Amino acid sequence: MEYDTRERCGQEGCRETRYFLDNGLWFCRRGHQQAGQQVVDDPENFGTQGKISHVKKAAIEKGEKKYRGRQAYRLYLHIYQLILWKQCHALVHSERFPPELENVVRDLWALRLESYSKKIADLGDEDSQPEFFSSQRPSAREDTETETFTPGSKVVQWPRLIDTIALCYLGALIMRLPVSVGDFHRMAMRNEIPYYRVLLQIPNDMKDRLPSAYLALLDTQRLLKAEDLHTAVFDLLLLYQRQFKLQLPPLNTPILLYRLIKRLALPVDVYPVTKKLQTLLGFTFEYPATVAGRRKPLDKPEHQLVTLVVIATKLLFPFDDVQRHPRSAQEPTVQAIDWDSWAEVQNHFDRRDASAGRIGKGKEILVNEEDVLTMTPGQLDEYMDWYETSWLDHSKVTSRLAHLFPLGSGSKEGRQGEPAAEDDEEKSIETMLGMATRYLKSRAIVSDPESEVPRPGSSYARYRQESDLPDTARVFYETAAKATGMSLTTLVRCVSQAEFQINKWLEDQRRLKYSAEHPMESPGGSDVENMEEFSDQDMLDEDNN
């Protein structure tokens with residue numbers, strides 16, 4: 001076939017410059033018909049190829065390619081709403097959330113959409129006085145009209161991408177579903193709900209008309225941190241409470257507490273001690289309606305939950321080597337934990353994917369150039385399959401060299417048929433719990449009440465800073481923080497603040513007891529540096545009876 005060299009095609013991004021003639025019409029080498037270029041036979045010279053005449057295109061008024069002003073803002077909200085719907089659809093159909101979640105999230109979004117009514121309202125003078133888009137924050141006057149809530153001295157003007165996941169979590173919280181912020185973070189990291197490169201799922205007609213500065217708001221430039229998601233949930237909740245007087249229920253504590261204890265592979269005796277600590281500290285596991293002054297980590301209910309679990313564990317199973325002896329076999333402290341063996345079991349759980357020769361779902365995005373050098377062929381295939389699914393834009397015109405690098409390896413279909421038992425986290429946790437005999441051991445019972453042996457709950461150690469943690473305690477703190485979606489520093493601070501409140505309560509009890517025994521005297525006061533009086537035995541006596 002003969003080709004004629006002409007100007008660039010330009011259709012659908014085609015850069016072809018070679019054309020061929022077919023039935024009197026010109027086509028580029030990729031098959032795009034060239035409008036206005038054809039061969040017309042000359043009736044006076046029958047049998048000749050004829051003369052080439054160019055038919056002029058019909059005059060078409062070229063519209064503005066990029067929206068701006070209110071049109072751009074409305075289109076941004078439409079795309080944002082589409083992303084929110086895709087996330088709810090994935091939660092309902094892939095993660096087995098109740099179908100009613102979509103209705104709850106839609107109602108929450110409709111409430112917030114009212115805040116942007118002035119920004120998206122149609123005005124008659126919009127064409128004559130267009131509102132140009134700026135990548136900077138809008139003026140203070142526009143902020144006042146659009147949003148009246150200012151968390152952290154920063155006005156919530158633009159709906160952020162992270163707020164879509166926070167909104168889905170608020171919907172689950174309203175329905176009292178036993179799901180945590182950490183669960184939503186893991187689903188986003190595993191791409192089980194659209195978050196990273198979510199613009200690939202948006203139609204090109206919508207993306208092409210949106211200014212690049214708006215698109216940047218929906219593009220992920222860095223990894224999502226669980227603590228950032230906690231903060232986004234808190235900010236969004238305070239916004240709904242202040243603007244719409246929305247009151248959210250507390251956490252579904254029993255199931256979430258059970259799941260956390262199970263994930264940490266702790267004995268079930270931690271559960272009743274945690275409930276007693278909750279009563280003592282007055283935790284309701286609810287988000288506060290208002291925040292006066294500076295925010296505290298313990299304002300977040302999930303932080304309260306993991307804090308109580310850590311304190312209960314330290315009471316029942318301390319991290320030191322002191323031999324504490326219970327008084328009877330009915331006490332929960334008759335068991336002890338070998339924390340070195342416990343750390344080995346947790347390490348085996350964390351490395352279950354690597355042991356099976358896989359990268360692990362959700363860990364592909366953490367791969368760096370150094371990891372590639374040590375990958376096995378199977379891991380490389382797994383990473384490239386993930387990259388093809390999550391990162392490639394299939395809507396763009398393929399390169400001329402694309403046929404040299406075919407997509408979809410043959411091993412991908414083979415791996416789909418293999419059992420993925422290790423990918424099921426629940427099954428892996430059950431396997432980890434089956435190893436409890438490796439780290440649980442018995443304590444000697446000393447029933448003599450006059451014996452001066454150390455009792456459970458005595459010599460309680462407090463770690464005020466991260467550097468104070470011993471090795472055994474550090475591993476436990478890190479595992480608990482990772483399971484909840486918070487940093488180690490934040491967890492140490494939460495536990496230290498809660499222990500300070502308990503210490504203050506113990507001091508008050510001591511003063512009341514002394515005043516009752518010596519009504520005419522005032523007790524001297526020295527700060528209780530340890531919590532020897534705060535015995536788990538005293539807390540569990542009521543339950544055991």
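Helices (H or I, at least four residues) and strands (E, at least two) are DSSP runs, numbered from the N terminus. This is a predicted model, in which local features need pLDDT of at least 70, side-chain atom pairs count only at pLDDT 80 or more, and totals for chains, interfaces and linings use all residues. Residues are numbered from 1 along each chain as its sequence is written, and side-chain values use heavy atoms, with hydrogens and water left out.

**Aromatic residues**

- Rings of Phe, Tyr and Trp (its six-membered ring) pair if their centres lie within 6.5 Å; planes under 30 degrees apart count as stacked, over 60 as edge-to-face and the rest as tilted.
- The count by this rule is 18 aromatic pairs.
- Y195 and Y196 form an edge-to-face pair, because their planes are at 90°, with the ring centres 5.1 Å apart.
- Y383 and W386 form a tilted pair, 5.5 Å centre to centre with 40° between the planes.
- Y383 and W386 are 3 residues apart in helix α16 (residues 377–390), so about one helical turn separates them.
- Both Y383 and W386 are buried, where buried means under 20% relative accessible area, exposed over 50%, and partly exposed in between (1.4 Å probe, protein chains only).
- Y195 is also buried, at a relative accessible area of 7%, and Y196 is buried at 8%.
- One aromatic cluster is made up of Y76, Y80, W109 and Y214.

**Arginines**

- A charge sits over a ring if NZ of Lys or CZ of Arg is within 6 Å of the ring centre and within 35 degrees of the ring normal.
- R295 has its charged end over the ring of F234, 5.1 Å from the centre, and R352 lies over the face of F349 at 4.3 Å from the ring centre.
- R263 belongs to helix α10 (residues 253–263) and is buried at 10% relative accessibility.
- Leaving aside residues up to four places away in sequence, R263 touches Q346, F349, D350, E425, I429, M432, T479 and A483; contact means heavy atoms within 4.5 Å.

**Strands and cysteines**

- Strands β2 (residues 18–22) and β3 (residues 25–28) pair in the antiparallel sense over 4 bridges; pairing requires at least two bridges found by DSSP.
- The two strands form a hairpin with 2 residues between them, and N23 in the turn has a positive phi of about 55°.
- C28 in β3 is the bridge partner of Y19.
- With a disulfide defined as a pair of cysteine sulfur atoms within 2.5 Å, the count is 0.
- C28 is in no disulfide, the nearest cysteine sulfur being that of C9, 4.0 Å away.
- C28 is buried, with a relative accessible area of 0%.
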